[in-house]
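Visitor: I would like to learn how to read a structure like this one. Where do we start?

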Amino acid sequence: MAFPPRPPRGAFNPRFKKEQQQEHRTNHMIKVPEVRLVGENIEPGIYATAEAAKIAKEQELDLVEISPGANPPVCKIIDYNKFLYEEKKKKKEQKAKSKTSEVKEIRFTPNTDDHDFEFKVKHAEKFLQDGDKVKAHVQFKGRAIMFKERGELLLLKFADSLKDVGALEGLPKMEGKRMLVMFAPRAAQKKKSGSELGKLHKEEKPAPVTETPAAENAS
């Protein structure tokens, strides 16, 4: 026996899913009888929701609920898509500013040649300029441990090459079969020292020289 067809549950409404995903209620989604309206080009105050929505429509903008917990809820007339874009951009900038510092590793051997050394210096400079710390170490394998002095000189030379962008956090030290040093970004110190140098230069500006007339010199 065949079962009768099930009755339709209603037409699919794509707007419903979109509304559920919105962070703010807008326009027809605001169901309260009245709202407190704020923003530009309007007289702040309490309006009937229908009237506030009409004002927004006349300005070809959106009525957006920005403080739903207030009594009555606070709404603003704005371009909602533009508002979301600016909010997203602001969050992205804040995330970039709050970037956590990472520790990047640079590896050497006691026999690192000049070309490889300069290549590693450039990498370390970029890491430090990006706000990351740099850990540099010389790895000693087998009998290479006899050349600890060579490794120390290599790391000190590396520190000298990074002096403009990296602050050395301590002298080279041994950890097992490797010798290491740590560098921190030096952007703040560099900026400060530059401003102090400019101030000093300004203070040391020589005073103008007043020429003595020839007649006075003769006397």
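Guide: Start with one term. Two strands pair if DSSP finds at least two bridges between them. Keep in mind that this model is predicted.

Visitor: In what order do the 4 strands of the open sheet lie?

Guide: The general idea comes first. Strands of a sheet pair through backbone hydrogen bonds, either parallel or antiparallel. Here, the open sheet of 4 strands has the order 2-1-4-3, and its pairing is mixed.

Visitor: Which strands stand at the edges?

Guide: Strand 2 (45-48) and strand 3 (62-67) do. Each has a single partner strand, so one side of each is left without a neighbour in the sheet.

Visitor: By how much are neighbouring strands of this sheet turned against each other?

Guide: On average by 45°, with direction ignored.

Visitor: What packs on the sheet?

Guide: Helix 2 (residues 49-58) does. Helix 2 touches strand 1, strand 2, strand 3 and strand 4. Its direction makes about 95° with that of strand 2.

Visitor: Let us take one pair. How many bridges join strand 1 to strand 4?

Guide: There are 3. Strand 1 covers residues 34-38, strand 4 covers residues 74-78, and the two run parallel.

Visitor: Now the antiparallel sense. Which strands pair with strand 9 that way?

Guide: Strand 6 (residues 133-139) pairs with strand 9 (residues 178-185) over 6 bridges, in the antiparallel sense. Strand 7 (residues 166-168) pairs with strand 9 in the antiparallel sense over 3 bridges. Strand 8 (residues 173-175) also pairs with strand 9 in the antiparallel sense, over 3 bridges.

Visitor: Which residues stand opposite each other there?

Guide: Val 138 stands opposite Met 179 in strand 9. Met 174 stands opposite Met 179 too. Ala 167 has Ala 184 in strand 9 as its bridge partner.

Visitor: How many residues lie between the strands in the hairpin of strand 8 and strand 9?

Guide: There are 2. In this hairpin, Gly 176 takes a positive phi near 65°.

Visitor: Last, the pockets. How much space lies in the second largest pocket?

Guide: About 200 Å³. Strand 4 and helix 3 (80-97) each supply at least two residues of its lining. The lining includes Lys 76, Ile 77, Lys 82 and Phe 83.

Visitor: How do the lining residues divide?

Guide: They divide into 4 nonpolar, 3 polar and 5 charged. Among the residues of the lining are Gly 39, Glu 40 and Asp 79.

How values were computed
Residues numbered from 1 in each chain as written. Predicted model: local features only at pLDDT ≥ 70, side-chain atom pairs only at ≥ 80, totals over all residues. Heavy atoms only, no water. Axes fitted to C-alpha atoms, helices over the stretch in contact; angles between N-to-C directions. Contact = heavy atoms within 4.5 Å. 1 Å grid on protein atoms, 1.4 Å probe; cavity = no way out; pocket = protein on both sides within 12 Å on 5 of 7 lines; lining within 4 Å. Points joined across faces, edges and corners; volume = space filled by probe spheres on them. Nonpolar A, V, L, I, M, F, W, Y, C, P; charged D, E, K, R; others polar.
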